[in-house]
Amino acid sequence: MQENLKSAEILQNNQNWIPGGVVSLNRKTDPNICFVKGRGSRVTDADGNEYIDYQAGFAASFFGHNDDDVNRAVENTIREQQLLMGAGPTLLEGVFAEMFCESVPGAESIQITTTGSEATYHAIRLARAVTKRDHIVVMQGGYNGWHNDVACNVISAFEDVGPYVSPGEYPFDSLSAGIPSAHRDLIHIVNYNDLGSIAFVLEKYDVACILLEPLLQNIGVVKPQPGYLEGLRELADKNGCLLVFDEVKTGFRHALGGYQSICGVIPDLSTFGKAVANGYPLGVIAGKKKYMDYFVHPEKENKVLIAGTYNAFPLTTAAAIATLEKLKSPVHKVYEHVEKLGADLEQGYLEIFSKLDRPVYIARQGSAFCIYFMDHEPLSYHDILVNHDFSFDARYRKALIKHGIYKFPAPIKQGSISFAHTAEDIMKTLEVTEQVLRQL
């Protein structure tokens with residue numbers, strides 16, 4: 001594999017005009033690689049190296065890169081000269097909204113945004129308007145967007161959050177300068193799978209909503225323990241706050257109805273993005289009509305603003321419609337295919353890692369997976385923080401990249417299988433994994 005000399009040159013030149021050289025700083029990685037082309041499960045960098053890809057735009061390209069069906073729908077809107085006028089409805093937004101609501105159990109109506117962060121921003125605003133409360137509960141290790149209320153406690157260091165506490169909450173570990181202290185005072189961070197701490201916070205504060213990924217995928221794949229999501233639903237109902245599922249990563253990757261259709265717990269509001277348009281920039285806020293109608297509430301003091309010049313941009317809406325059509329298709333059998341590949345990868349990993357002289361746990365939900373170098377299933381971020389071998393994880397990922405298997409080069413980040421992956425891709429991945437582990 002060639003050195004990433006052109007990638008280094010591109011980053012260096014970008015730094016003359018862009019702080020850090022990349023336009024989203026979570027893309028700044030070691031090794032630095034500029035990817036220039038993607039097709040299906042394969043991506044190519046500026047130096048001509050090809051990789052089997054398990055990053056997929058942070059799990060966005062569920063069908064794989066440049067899927068023919070999705071791209072064809074986008075091309076058609078261009079040929080038809082569809083437009084975004086900024087006055088009146090667009091041609092496709094109602095078509096997509098109907099398809100979405102027919103697919104997702106908790107979606108009685110929706111609004112369309114451009115990003116997942118915008119969707120969670122609006123969900124919080126909506127919850128505050130409905131409940132007339134200000135406080136928010138989020139999860140340690142969860143990622144719910146870039147905005148002030150939730151830009152915290154993602155991959156925190158132990159010294160920044162302290163030891164495991166239950167019942168109780170953790171300090172606001174900010175991701176950014178410039179967040180007013182008033183925001184920090186309204187946000188309460190607890191660990192996932194800890195109902196006691198949820199109850200603790202609800203008793204102390206006037207909480208507008210509990211916001212979480214129902215399956216914690218920002219730190220790999222951390223599953224809800226039996227009764228956890230049901231317990232959240234019960235506590236939210238008892239307290240009068242809203243339960244909000246952030247399905248930006250889980251939505252449509254695991255089921256046509258989102259993870260809520262798998263767990264059987266229906267949130268009051270939910271947010272979607274990434275896989276909903278196979279990587280085209282589109283987000284969704286969905287929920288019960290009585291709450292969503294606050295966007296058109298007749299009373300000024302209750303009406304919630306939603307605006308966005310590029311909301312329901314025809315190209316991205318066409319991509320989302322094509323995505324849902326393909327997911328629903330009995331011909332493609334998308335979920336059966338990725339489940340089979342995921343199961344094969346997991347089984348292969350179990351056989352390979354059983355030979356390794358260190359503890360390993362393979363976590364998987366359908367096409368999403370993560371290898372934890374610890375001796376048990378992770379229950380929360382603190383559990384991972386204390387027990388996972390972060391150093392070995394980092395070395396393992398970098399070694400894979402050198403051998404043409406691209407997983408995001410940061411410990412505990414989720415791997416994502418796409419519909420475009422093949423049995424041969426999985427076999428090659430397992431072969432390289434075994435080779436890398438021998439070298440390590």
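**Strand pairing, buried positions and cysteines in a predicted model**

At a relative accessibility of 1%, Thr113 counts as buried in this structure, which is a predicted model. Thr113 belongs to strand 4, which covers residues 109-113. A polar atom of the Thr113 side chain is placed 2.9 Å from the backbone oxygen of Thr115. When residues up to four places away in sequence are set aside, Thr113 touches Glu118, Ala119 and His122, and also Leu282, Gly283, Val284, Ile306 and Asn311.

Ser367 is situated in the loop that lies between strand 11, residues 361-365, and strand 12, residues 368-372. Apart from neighbours within four places in sequence, the residues in contact with Ser367 are Phe62, Arg253, Val338, Gly415, Ser416 and Ile417.

The pairing of strands was examined next for strand 3. Strand 2, formed by residues 42-45, and strand 3, formed by residues 50-53, run antiparallel and are joined by three bridges. Within this pair, Thr44 stands opposite Glu50 of strand 3. The hairpin made by strand 2 and strand 3 has four residues between the strands, and in this hairpin Gly48 adopts a positive phi near 90 degrees. Strand 3 is also joined to strand 13, residues 405-406, by two bridges, and these two strands run parallel. Here Ile52 is the residue that stands opposite Ile405 of strand 13. In a regular strand, the side chains alternate between the two faces of the sheet.

The cysteines were considered last. A disulfide is a covalent bond between the sulfur atoms of two cysteines, and the structure holds zero disulfides. Cys101 accordingly takes part in no disulfide, the nearest cysteine sulfur being that of Cys263, at 18 Å. With a relative accessibility of 22%, Cys101 counts as partly exposed, because the range for buried residues ends under 20%. For Cys152, the closest cysteine sulfur belongs to Cys209 and is 12 Å away, which is too far for a bond, since the two sulfur atoms of a disulfide must be within 2.5 Å. Cys152 has a relative accessibility of 2% and therefore counts as buried.

Terms used. Residues numbered from 1 in each chain as written. Predicted model: local features only at pLDDT ≥ 70, side-chain atom pairs only at ≥ 80, totals over all residues. Heavy atoms only, no water. Contact = heavy atoms within 4.5 Å. Buried < 20%, exposed > 50% of the residue type's maximum accessible area, 1.4 Å probe, protein only. Pairing = 2+ DSSP bridges. Polar contact = N/O pair within 3.5 Å; in protein donor to acceptor, adjacent residues only side chain to side chain.
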